[in-house]
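Visitor: I would like a close look at a single part of this protein. Please keep it brisk.

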Amino acid sequence: MKPILQLYRGYANEEELIVMGHVFKRTYDYDFQKKNLKNARSIINQFRIKTLENFDIYLKCGNQEIHTKTLDDGYFKFCIPLETQINFGWMEYEVSIKYENETITEKGSFIRPHKGKLGIISDIDDTFLISHTQNFFKKIYILLFKNVNDRKVFTDVVPHYQALSSAGRNNKEEENAFFYVSSSEWNLYRFIVKFTKIHKLPRAVILLKDIRRGITDFFMSGRGNHDHKFDKIKHVLEFYPNLKYVLLGDDSQHDPVLYERICKIFPVTVKAVYIRQTGKHQKEATKKIMKNLEALEVSVCYYKNSSEAIMHSKSIGLIQ
């Protein structure tokens with residue numbers, strides 16, 4: 001059986017290009033149109049994949065072909081110093097693998113953001129995608145029995161994100177650096193890409209948790225340690241140190257605590273923090289964190305509806 005090459009969106013700055021992906025021994029197609037039990041089977045199958053470790057991977061970069069191997073879970077990542085200047089915006093990259101006498105090639109995309117002042121980092125579940133992460137059984141039910149076309153975004157979240165994407169830009173072709181960082185695993189990458197396209201959310205680099213390789217892992221999806229989110233956000237801020245950042249999350253899990261840690265380490269970098277209220281009442285612990293962030297001169301908004309977040313962004317001159 002031929003191995004399968006899955007590429008993810010990469011990103012670059014003036015000096016370095018980062019692209020990543022997985023090599024699968026076996027995977028299952030995700031049919032986005034399936035209903036009910038068929039959708040459930042399709043989702044569960046995303047956690048029944050088999051990966052190939054220590055498998056040879058080749059990245060075409062300019063006139064070079066750069067060689068590496070996959071890690072134990074089939075994941076690969078190229079961090080390549082850039083010898084020559086590249087353009088701004090979204091660009092293609094090409095990765096290939098060899099199997100028997102055949103070369104399998106896939107093309108992915110990476111962004112080098114146009115020079116600007118703003119970077120946006122957003123959580124996914126219950127920040128823009130309604131997921132009910134606080135209710136385990138409801139979350140699993142929706143994931144299994146609602147296909148990608150039936151899943152919903154919060155009202156007004158799309159215009160808010162689109163406005164943030166183009167904030168400070170005169171040219172409509174240029175977009176701010178946008179990242180979706182989540183505790184969902186790489187298994188759900190194709191679902192997330194499809195969902196964001198359907199709802200016309202900004203095209204973003206997506207950074208997820210290590211892939212899971214078993215049905216029992218499916219029931220633990222999005223749970224457990226969230227330190228990987230902290231590490232990925234910290235990495236983005238270090239990779240683009242000259243940007244001011246807007247962080248968007250929710251109070252269902254650990255976003256407020258993670259964002260507070262980030263603001264303490266990068267005291268001049270974070271411009272604003274937005275936290276969506278997921279329950280009937282605001283959480284005291286979250287309110288305390290937001291007050292502390294204000295003391296660090298970070299603009300904060302703890303909101304129930306995205307219309308409040310839009311008004312706040314306008315009031316601080318973030319968007320028009």
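This is a predicted model: local features need pLDDT of at least 70, side-chain atom pairs count only at pLDDT 80 or more; totals for chains, interfaces and linings use all residues.

Guide: Start with the helix itself. Helix α7 runs over residues 255–265. Its buried residues are D255, P256, L258, Y259, E260, I262 and C263. An α-helix has 3.6 residues a turn, so residues three or four places apart point the same way.

Helix α6 holds 13 residues, 227–239. At 1.5 Å a residue, α6 should span 18 Å, and its end C-alpha atoms are 18 Å apart, so the two values agree. Buried in α6 are H228, K229, F230, K232, I233, V236, L237 and F239.

Step back to the whole chain. The chain has nine helices and 15 strands. Of its 320 residues, 54% are buried. Among contacts with a separation of 6 or more, 72% join residues 24 or more positions apart. A compact globule of 320 residues would have a radius of gyration near 20 Å; the chain has 20 Å, which agrees. The C-alpha trace spans about 60 × 50 × 30 Å along its principal axes.

Last, the surface and the charges. The accessible surface is about 15,700 Å², and carbon and sulfur atoms account for 49% of it. The chain carries 49 positive and 38 negative charges, with mean positions 6 Å apart.

Definitions and conventions: Residues are numbered from 1 along each chain as its sequence is written. Side-chain values use heavy atoms; hydrogens and water are left out. Helices (H or I, at least four residues) and strands (E, at least two) are DSSP runs, numbered from the N terminus. The expected span of a helix is 1.5 Å times one less than its number of residues. Buried means under 20% relative accessible area, exposed over 50%, partly exposed in between (1.4 Å probe, protein chains only). The radius of gyration is taken over C-alpha atoms; the globule rule is 2.2 Å times the number of residues to the power 0.38. Contact means heavy atoms within 4.5 Å. Accessible areas come from the Shrake-Rupley method with a 1.4 Å probe; for residues, only the protein chains shown count as cover. Lys and Arg count as positive and Asp and Glu as negative; His and the chain ends are not counted. The place of a charge is taken as NZ of Lys, CZ of Arg, CG of Asp or CD of Glu.
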